[in-house]
Amino acid sequence: MNVQPSQTDVQAPAAKASSVKDIEVDRNELDRSIADFVDRNPDYYANAFHTIHDTTAGIPRTFNWAAALFGPFWSAARGVWGFFWAFLILEIIAWVQIGRGTWGELGADAMAQAERQAARAEEFLLQAQAARDAGEDPSRFETLASNLTRAAERSRETAEAAAADAFMILLSGLALLVVLRLVQGIWSNVVYEKQYSRWRVAPGAVPSGFRTPNIVFGVALGLVIMPLTVYRFTIENIPDWLTAFPADPDHYGATARWLEAVIDDAARSGAGAFDGIVLVVRQILDTISLALIGTPWPVIMAVICVFAWRAAGPRVAIFTAAALAYIALLGYWEIAMETVALVGAAVVLCVVIGIPLGIWFGKSQRAYRFAEPVLDLMQTLPAFVYLIPIIAFFGTGNPPGILATIIFGMPPVIRLTALGMRGVPESIKEAATAFGASRWQLLKDVELPLALPSIMTGVNQTILMCLSMVVIISLIGGGGLGKVILEALQFAAKGPGLLGGFAILFVAMVIDRIVQGAFRRADHR
């Protein structure tokens with residue numbers, strides 16, 4: 001009986017052959033891509049990458065002899081700079097151990113100390129002999145000489161023990177170097193394969209190939225860093241220029257005098273403008289202070305508690321009442337309200353100036369790129385540094401303290417406002433424009449409402465950062481609770497310092513809870 005093969009049986013081998021052919025084509029294309037990436041030894045790296053790709057668990061069964069022999073310099077040649085720096089630092093440690101065990105003067109410090117102690121003991125013995133010749137009691141000098149002699153013997157034993165450890169230190173350095181080279185040989189292909197994967201996604205942004213400039217740069221770094229570091233940690237008497245930069249004190253004095261002259265000239269020439277700024281800040285501060293301090297305290301306390309209830313709920317209102325009671329019962333009411341006035345004046349100016357700037361920076365990428373370094377400087381520069389020009393230009397007291405607080409607290413509201421403006425979808429703006437919205441209507445009715453969560457987060461961060469400056473501005477004559485903390489620090493008064501610190505904490509928590517609660521309620525509407 002003849003059985004005719006079905007059409008499926010005939011097509012199965014053909015489909016299988018076609019699939020194998022497709023796999024071979026894909027592998028050939030991958031090999032060509034790897035060859036373009038590695039530049040040299042493409043066959044070796046193609047096999048290594050395929051092995052790594054096929055390994056599902058454990059250490060891949062590949063070993064890069066070039067990486068094991070040349071260490072970090074292989075990484076430099078291949079542009080694997082993270083691998084280069086990590087193992088360059090680790091190999092420096094190994095070479096330091098090798099240097100200490102080979103030519104390092106181990107125990108030299110202890111031996112020098114022993115010699116100094118022995119010389120001092122000899123001096124006491126001479127003094128004892130002089131006292132004996134003079135008919136005086138030499139026992140005190142003899143006791144001191146005996147103690148120093150025993151100390152010198154212990155120092156010599158320490159030096160001898162350190163010198164005896166030289167061989168073990170040498171072996172530990174060699175062992176560490178061998179282990180590091182083995183690790184580089186085992187894992188270099190894995191790291192290089194990951195770099196290849198990133199290169200396939202972004203060819204222009206990821207280093208590839210075998211680059212001679214990279215080798216030169218890596219070798220130059222190694223020749224500068226390794227010998228100097230090993231020399232520093234293995235030789236006792238090293239030149240002073242290697243441990244301390246050969247700076248000229250005259251440069252410091254001349255630069256400081258020049259800066260003082262520049263600041264003094266600027267302060268004199270701009271005295272009118274600086275006085276005007278201080279006057280504006282003082283008017284805002286006096287207005288807020290009059291409202292908070294001049295108004296009877298039951299009224300202010302009731303208003304704050306009701307506002308907390310309406311903005312954040314009953315729990316925050318109860319906490320606010322308890323915090324205000326703590327502040328009032330300990331006699332901090334007026335200075336706490338002065339603190340709130342300082343923070344309020346700073347926040348008002350930060351918001352009035354920061355939000356328009358944030359809107360501008362959100363719409364103009366060029367303006368934001370110009371302002372970003374300034375914002376970074378405002379946030380990263382320590383507050384104690386810019387207090388100096390604040391004093392030079394604006395004097396001391398609360399208004400200059402507010403200006404210092406503005407410098408510290410304004411960047412968050414500017415950055416987050418700009419972020420919120422850039423986060424408004426273009427499609428929504430295009431739709432509003434298509435319906436005839438003007439630029440002002442687009443800003444007022446579309447962009448600002450959509451960016452409002454980010455803007456309010458920036459306002460909240462600005463409030464808390466301004467409050468954190470309370471203690472610092474007390475250094476230049478600022479009032480409020482910061483003055484309490486400063487006095488407690490000056491006189492090491494632990495009790496008053498802790499009580500004032502808790503008062504600042506409660507003021508910060510009340511403000512934060514109210515603002516955060518208002519945000520949450522607005523989001524739920």
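Asp-39 is found in the loop between H1 and H2, where helices are DSSP runs of H or I with at least four residues, numbered from the N terminus. This is a predicted model, in which local features need pLDDT of at least 70 and side-chain atom pairs count only at pLDDT 80 or more, while totals for chains, interfaces and linings use all residues. Residues are numbered from 1 along each chain as its sequence is written, and side-chain values use heavy atoms, leaving out hydrogens and water.

Asp-39 has a positive phi, near 75°, in a residue other than glycine. Its relative accessible area is 45%, so Asp-39 is partly exposed; buried here means under 20% relative accessible area, exposed means over 50%, and partly exposed lies in between, with a 1.4 Å probe and protein chains only. Arg-40 also sits in the loop between helix H1 (7-38) and helix H2 (42-54), and Arg-40 is partly exposed at 45%. Asn-41, found in the loop between H1 and H2, is not a glycine but has a positive phi of about 55°. With a relative accessible area of 52%, Asn-41 counts as exposed.

Next come two helix pairs. Helix H5 (residues 81-102) packs with helix H9 (residues 212-234) at an angle of about 30°, and their axes are 9 Å apart. Axes here are lines fitted to C-alpha atoms, for helices over the stretch in contact, and angles run from 0 to 180 degrees between N-to-C directions. H5 is therefore roughly parallel to H9, since angles under 35 degrees count as roughly parallel, over 145 as roughly antiparallel, 65 to 115 as roughly perpendicular and the rest as oblique. H5 and H9 cross in a right-handed way: a crossing is right-handed if the near helix is turned clockwise from the far one by less than a right angle, and left-handed if anticlockwise. Arg-232 lies in H9 and is partly exposed, at 36% relative accessibility. From Arg-232 to Thr-457 the C-alpha distance is 51 Å, with the two 225 residues apart in sequence.

The other pair is helix H6 (residues 108-133) with helix H7 (residues 139-164), packed at about 165° with axes 8 Å apart. These two are therefore roughly antiparallel, and H6 passes H7 in a left-handed crossing. The residues of this contact divide into 16 nonpolar, six polar and four charged; Ala, Val, Leu, Ile, Met, Phe, Trp, Tyr, Cys and Pro count as nonpolar, Asp, Glu, Lys and Arg as charged, and the others, Gly among them, as polar.

Now look at helix H14 (residues 314-329). Its 16 residues reach 22 Å from first C-alpha to last, close to the 22 Å expected at 1.5 Å a residue, the expected span being 1.5 Å times one less than the number of residues. Val-316, Ala-317, Thr-320, Ala-323, Leu-324 and Ile-327 are buried in H14. They cover an arc of only 130° around the axis, so they lie on the same side of H14; the arc is that of the directions from the helix axis to the C-beta atoms. Arg-315, Ile-318 and Leu-329 are exposed on the other side of H14. Gly-331 follows H14 with a positive phi, near 80°.

Finally, helix H22 (residues 481-490) has as its buried residues Leu-481, Gly-482, Val-484, Ile-485, Leu-486 and Ala-488. Just after H22, Ala-492 takes a positive phi of about 55°.
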